[in-house]
Amino acid sequence: MDIPKENFSEWYNTLIKEAELCDLRYNLKGFVVIMPNAADVISRMYRLYEDALEARGHRKSYFPALISEKNLEAEKDHVEGFAPEVFWVTRAGKNELEEKMILRPTSETAMYPMYSLWINGKCDLPLKVYQSCQVWRYETKATRPLIRGREFYWIEAHNVFDSEEGVLSQVQEDMETTEEMIHQSFGVPFLFFRRPQWDKFAGAVDTYAADTMMPDGKTLQLPSTHNLGTNFAKVFNVKYMDDDGEEKPCWQTCYGPCISRIFAAIVSIHGDSRGMVLPFHLANVQAVVIPILRKEGSETVIRFVQEVTEKLAKNYRVVADFSENTPGFKYNHWELNGAAVRVEIGARDIESGKAVVVRRDTGEKESVPFEELPKKIGEIGKEMNASLREKADEWFATMLKEADTMEELKSALENGEGFVRIPFCTDSLEGEGCAEKLKEECSANVRGSRHDANEKPSGKKCIVCGKEASTYQYAARQY
Ligand SMILES: [Zn+2]
């Protein structure tokens with residue numbers, strides 16, 4: 001590696017290749033192969049996320065990847081929003097299909113017709129179902145592995161309630177799940193926004209999203225959650241019999257953490273010029289044991305390292321590197337791959353009864369008695385997780401800025417970095433004109449108002465049109 005992270009784009013591309021996270025040589029544009037070094041971490045993330053959803057009453061399902069054209073077209077706003085990026089299946093074998101199908105870009109139109117069969121009375125509600133799957137969108141902008149492509153790996157949770165209160169409390173719950181997973185577990189800071197009306201999910205009443213910031217100061221959307229109101233329920237006949245004997249449309253939400261993209265954020269935010277740094281519980285290798293071999297006594301060292309490795313393997317994912325490479329080469333290799341802790345053992349260490357232990361994120365070294373190794377590695381893991389999160393939080397805080405005028409906004413974004421809080425006329429559709437102008441002048445997007453903080457401007461003017469400001473919005477350059 002050795003590419004400074006200030007040069008983020010080059011750093012990221014080099015990491016993807018050298019740490020063998022993705023192979024970009026797959027011969028379809030916008031599609032990459034996710035290799036074992038990334039896929040193993042992504043699987044762990046999936047498990048943790050699924051557990052968090054199931055702890056909150058969600059149940060898993062598997063829906064077909066193909067959706068009929070008829071289903072897609074049922075909800076007018078939805079089809080308008082998604083049609084441009086849908087992959088079509090129109091032939092099978094030698095035959096043109098009578099009914100065209102799409103590859104799911106998201107599963108509202110696959111799931112809700114089934115929900116209408118599943119839900120009859122109040123006793124069927126709330127219904128909280130998710131699936132972990134791939135989705136496909138014909139992305140026309142420049143693609144970047146794991147950050148933006150034509151295929152991604154996500155979870156989509158689709159929930160149904162008998163009231164608007166159910167929906168609003170689900171949005172709150174999704175925000176808590178996001179905090180627990182993205183921030184507490186993965187150490188990735190974010191702001192939780194309510195998107196302006198012109199930027200909401202196609203067919204939704206409201207869209208909320210957690211936006212993080214990449215090291216180059218551009219924002220990246222992580223999970224979003226949508227208040228679908230009764231829009232889809234009316235179209236797909238998702239109804240329940242109320243106590244008064246009347247059939248009523250259900251209220252719905254959907255929540256979509258994109259696991260492959262969250263992985264990209266983790267790698268980008270925690271990594272350094274030596275390569276990948278991962279939270280301890282996600283690392284493929286939690287401890288790598290490196291034998292320091294001299295000409296004499298190497299057999300003793302090898303045997304000893306094998307024993308230590310076996311003991312550690314009871315509690316951790318451990319590898320002993322017996323390859324022919326020099327210790328220096330091995331250090332670099334395992335740092336690049338994000339091994340959390342390195343344990344060095346040579347003849348002299350065996351004599352003194354202690355191993356040299358090196359922590360990946362800080363490079364701190366210490367001598368640890370062999371019998372204390374298992375405990376010590378666990379402690380380092382905990383410290384590392386806390387410290388990665390704190391470091392990311394500190395950096396993220398420096399990315400939050402404020403501006404009251406266009407001049408201030410421009411100078412805040414001069415280096416193209418950060419979220420800038422601005423007074424804005426409105427987040428209703430009428431505000432889109434001001435957002436367009438802002439984009440033209442600063443190449444920044446209006447991302448929304450903070451849903452996790454109550455902020456109201458008083459006596460301020462819209463940064464674009466000068467009318468009285470009714471909302472604080474956040475502007476940022478985006479992926
Ligand atoms: Zn305005």
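What share of the contacts in the chain with a separation of 6 or more comes from residues 24 or more positions apart? The figure is 68%. Welcome to this predicted model, whose secondary structure comes to 14 helices and 23 strands. The domain assignment divides the chain into domain 1 (8–270), domain 2 (287–381) and domain 3 (400–476). Here is a short tour, from the overall picture down to single residues.

**Overall dimensions and domains**

- The chain has 479 residues, for which a compact globule would have a radius of gyration near 23 Å; the value for the chain is 25 Å, which agrees.
- The C-alpha trace spans about 85 × 55 × 50 Å along its principal axes.
- Between the C-alpha centres of domain 1 and domain 2 there are 41 Å.
- Of the 479 residues, 42% are buried.

**The nonpolar core**

- In soluble globular proteins, nonpolar side chains tend to be buried together.
- In this chain, the largest nonpolar core holds 124 residues, and those with the most contacts inside it are Ile262, Phe263, Ala287, Val289 and Ala475.
- Helix α8 (residues 259–270) gives the most to this core, contributing 8 residues.
- Leaving out residues up to four places away in sequence, Ile262 touches Met45, Ile182, Phe186, Leu222 and Pro257.

**The sheet of 11 strands**

- This open sheet has mixed pairing, and its strands follow the order β3-β7-β8-β14-β11-β10-β9-β22-β23-β21-β20.
- At the edges stand β3 (59–60) and β20 (400–402); each has a single partner strand, so one side of each is left without a neighbour in the sheet.
- Helix α2 (residues 36–55) packs on the sheet, where it touches β3, β7 (127–136) and β8 (151–161), and its direction makes about 5° with that of β8.
- Strand β9 (residues 191–194) runs antiparallel to strand β22 (residues 445–450), and 2 bridges join them.
- Within this pair, Phe193 has Arg450 in β22 as its bridge partner.
- Helix α14 (residues 432–442) lies across β21 (419–424), β22 and β23 (471–476), running at about 125° to β22.

**The sheet of 3 strands**

- Another open sheet has the order β4-β6-β5, with antiparallel pairing.
- Its edge strands, β4 (66–68) and β5 (88–92), each pair on one side only.
- On average, neighbouring strands of this sheet are turned by 50° against each other, direction ignored.
- β5 pairs with strand β6 (residues 95–103) over 4 bridges in the antiparallel sense, and Ala92 has Asn95 in β6 as its bridge partner.

**Strands β17, β18 and β19**

- Strands β17 (residues 341–346) and β18 (residues 354–359) run antiparallel and are joined by 4 bridges.
- Strand β18 also pairs with strand β19 (residues 365–369), in the antiparallel sense over 5 bridges.

**A closer look at Val308**

- Val308 is found in helix α9 (residues 298–312).
- With 22 other C-beta atoms within 10 Å, Val308 is buried, because the cut-off for a buried residue is 20 or more.
- Beyond its neighbours within four places in sequence, Val308 is in contact with Val289, Ile345, Phe370 and Leu373.
- Val308 and Glu371 are 63 residues apart in sequence, and their C-alpha atoms are 9.3 Å apart in space.

**Backbone details to look for**

- Most residues other than glycine have a negative phi, and most peptide bonds are trans.
- The peptide bond from Leu125 to Pro126 is cis, with omega near -5°; Pro126 is found in the loop between α5 (108–118) and β7.
- Asn237 is not a glycine, although its phi is positive at about 65°. This residue is found in the loop between α7 (231–236) and β12 (239–241), and counts as partly exposed with 17 C-beta neighbours inside 10 Å.
- Ser443 is not a glycine either, and has a positive phi of about 50°. Its place is in the loop between α14 and β22, where it counts as exposed with 11 C-beta neighbours inside 10 Å.

Definitions and conventions
Residues are numbered from 1 along each chain as its sequence is written. This is a predicted model: local features need pLDDT of at least 70, side-chain atom pairs count only at pLDDT 80 or more; totals for chains, interfaces and linings use all residues. The radius of gyration is taken over C-alpha atoms; the globule rule is 2.2 Å times the number of residues to the power 0.38. A residue is buried if 20 or more other C-beta atoms lie within 10 Å of its own, exposed if 12 or fewer, and partly exposed in between; C-beta atoms are placed from the backbone. Two residues are in contact if their C-beta atoms, placed from the backbone, lie within 7 Å. A nonpolar core is a set of buried Ala, Val, Leu, Ile, Met, Phe, Trp, Tyr and Cys residues joined through C-beta atoms within 7 Å. Domain bounds come from an automatic or database domain assignment. Two strands pair if DSSP finds at least two bridges between them. Axes are lines fitted to C-alpha atoms, for helices over the stretch in contact, and angles run from 0 to 180 degrees between N-to-C directions.
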